[in-house]
Amino acid sequence: LYLYNNQIGDAGCTAFAEACSNSKLVLASLNDLSLGGNNGIGDAGLVALAHACAKGALPSLKKLAVQRSAKHSRGNPAEKHPELKMVCHERGIELM
């Protein structure tokens, strides 16, 4: 699912994460998610996504791209979010 540069912010990323965690069937076969280029996604959105994935949301996810998506961030925002990094590592999700 390519959502690159769609002006998604914390609220949108959090709502997406909540929808995915409230029903394991939501996007159950999704294996690639790109949220890069959404500069409005910050700590709250990435933490919500990490928590949803830790609860088993997006069970088929193999690739998660969040580069250039955290507001006020330089480099790869995943490096600044240990929860997201840890859950991706545990589930075998490539974090970019």
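Reply: A nonpolar surface patch of about 210 Å² is made by Leu1, Val26 and Leu27. This is a predicted model, in which local features need pLDDT of at least 70 and side-chain atom pairs count only at pLDDT 80 or more, while totals for chains, interfaces and linings use all residues. Residues are numbered from 1 along each chain as its sequence is written, and side-chain values use heavy atoms, with hydrogens and water left out.

Me: Why is Leu27 called partly exposed?

Reply: Buried means under 20% relative accessible area, exposed over 50%, and partly exposed in between, with a 1.4 Å probe and protein chains only. Leu27 has a relative accessible area of 33%, so Leu27 is partly exposed.

Me: What makes Ser34 count as buried?

Reply: The relative accessible area of Ser34 is 9%, which is under 20%, so Ser34 is buried. Contact means heavy atoms within 4.5 Å, and Ser34 touches Leu1, Tyr2, Leu3, Tyr4 and Ala65, not counting residues up to four places away in sequence.

Me: Why does Cys20 form no disulfide?

Reply: A disulfide is a pair of cysteine sulfur atoms within 2.5 Å. The closest cysteine sulfur to that of Cys20 is in Cys53, 8.0 Å away, and is therefore too far for a bond.

Me: How do you know that Cys88 is not bonded in this way either?

Reply: The sulfur of Cys88 lies 5.9 Å from its closest cysteine sulfur, in Cys53, which is also too far for a bond, and the structure holds zero disulfides.

Terms used
Patches are made of residues with over 30% relative accessible area and no salt bridge: like charges are joined within 9 Å, nonpolar side chains (Val, Leu, Ile, Met, Phe, Trp, Tyr) within 5 Å. Accessible areas come from the Shrake-Rupley method with a 1.4 Å probe; for residues, only the protein chains shown count as cover. A salt bridge is a side-chain nitrogen of Lys or Arg within 4 Å of a carboxyl oxygen of Asp or Glu.
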